[in-house]
Amino acid sequence: MDFTQTLTESLLDDLDDLSDTEELTNTASSNESYDTGGVGLLPTNKKEDGVSNGKSGGYKESKKRSVEFAEDPRLQSHLASISELTSTSEEDGYTLMTTSNKYLASIQNVLNRAHADLATAYKPKFPELEELVIDPIAYKNAVQVIQNEMDLSSINEQLNSVAKLSSNQIITLSVASSTTSGMPLTQPQLQHVNECIQYIDRLLDIKARLINHLEQHMKNLAPNICALIGPTLAARMVATAGGMAELTRIPSCNLQVLGQIKNTGASRAGMSTNIISATAASSAVAGTSASNVFKPHEGILSECELYNCVPAHLQRKALKVIAAKLALVIRCDYVNLESGRARTNTSGLKFRSDIEKKFVKWDEPDNAPVVKAL
């Protein structure tokens, strides 16, 4: 009996303690949720404030970040320096190239955020467009043409000439627009969409200027890479990876497919499940010819001279060899770049010579069988 009473009393004590704790917690949370510092009862919970503001708060915040990056005085000063560059010392040229390389590493993240902002702003009008046009630049061009138009059949020519969409993509968009759940945007919403497009255009212009500068001076930045695959492809690979440091971290197996477009609106629209057919549509978006279409397990590296000089049945094997040597020369150039040592193309020329000799050996006919006496 005494034991039962003792157990009952202990349980009641525990319940009293819990109720006291809850009262203290509620009092503390109510004090934290409001700021009464002379302004009145204003909620200060950032999460709740973001929900109450809807998507516009996130849009304005990301817009501010994009503007801050594009209008950064240091970036503007750097762009002015490379545009006015005529002749400069090797040390100054090296500084400009490494600075361009660092800005390229940052601008891709800003572009991704700007694309996300554009997709969010345009989703009420055409929510299916983001899934049908995966490439961010093609998506931006399509939104720029479509705007508030509900009948896409009237703007097919603009989608082809301005947005660079293929006929398969245009047909798919026309069908999707006829069954979409989206509604026309209001004037403020449409203005937000056009502002996003302007931000992306401005960022792409900055990126193009940086890549152009790198391409012109790539032989000084990475002479071994240029000796192996050429300065144009070298600049594109550095820009795609986001910088020299990021490129050194990519293994050779992934260098083969760097820049590959695997999945496009054409392949997901039911027109074809063949990746070669899908990337043919991507070539139309990128403005490239059909002969340079990305194939399975091939990326930017498949456009180099060494790859295209071998027969088709040996190209897959050749690409693995080129990527393996490229991974070595990338690390070689990066070590020389960071340590300040003299940068030469000796290693790149040596590897290129070895690869060419190997390709010639592959193309030789097999030796005739030797007839042996029984």
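Helix axes here are lines fitted to C-alpha atoms, for helices over the stretch in contact, and angles between them run from 0 to 180 degrees between N-to-C directions. With that in hand, the axes of helix α10 (residues 187-216) and helix α13 (residues 231-241) come within 8 Å of each other and cross at roughly 135 degrees. Helices are DSSP runs (H or I, at least four residues), as strands are (E, at least two), numbered from the N terminus.

This is a predicted model, in which local features need pLDDT of at least 70 and side-chain atom pairs count only at pLDDT 80 or more, while totals for chains, interfaces and linings use all residues. Residues are numbered from 1 along each chain as its sequence is written, and side-chain values use heavy atoms, with hydrogens and water left out.

**How the helices cross**

- The α10 and α13 pair counts as oblique; angles under 35 degrees are roughly parallel, over 145 roughly antiparallel, 65 to 115 roughly perpendicular, and the rest oblique.

**The aromatic pair and its neighbour**

- A search of the whole structure turns up 1 aromatic pair. F359 and W362 form this pair, with ring centres 5.1 Å apart and planes at 40 degrees, which is a tilted arrangement.
- For such a pair, rings of Phe, Tyr and Trp (its six-membered ring) must have centres within 6.5 Å; planes under 30 degrees apart are stacked, over 60 edge-to-face, and the rest tilted.
- Both residues belong to helix α20 (residues 346-363), and because they are 3 residues apart there, about one helical turn separates F359 from W362.
- An α-helix has 3.6 residues a turn, so residues three or four places apart point the same way.
- F359 is buried at 7% relative accessible area, whereas W362 is partly exposed at 22%. Buried means under 20%, exposed over 50%, and partly exposed in between (1.4 Å probe, protein chains only).
- The charged end of K317 sits over the ring of W362, 4.4 Å from the ring centre; the criterion is NZ of Lys or CZ of Arg within 6 Å of the centre and within 35 degrees of the ring normal.

**Helix α19**

- Helix α19 (residues 315-339) has 25 residues and should span 36 Å at 1.5 Å a residue, which agrees with its end C-alpha atoms being 36 Å apart. The expected span is 1.5 Å times one less than the number of residues.
- After α19 comes G340, with a positive phi near 80 degrees.

**Helix α7 and the loops**

- Helix α7 (residues 136-146) is mostly covered, with 8 of its 11 residues buried; among them are Y139, K140 and N141.
- Q147 lies in the loop between α7 and α8 (156-161). Its phi is near 55 degrees, a positive value in a residue other than glycine.
- K164, in the loop between α8 and α9 (167-179), also has a positive phi, near 60 degrees. K164 is partly exposed at 41% relative accessibility.

**E130 in helix α6**

- E130 has its place in helix α6 (residues 129-132) and is partly exposed at 36% relative accessibility.
- E130 and A116 are 14 residues apart in sequence, with their C-alpha atoms 9.8 Å apart in space.
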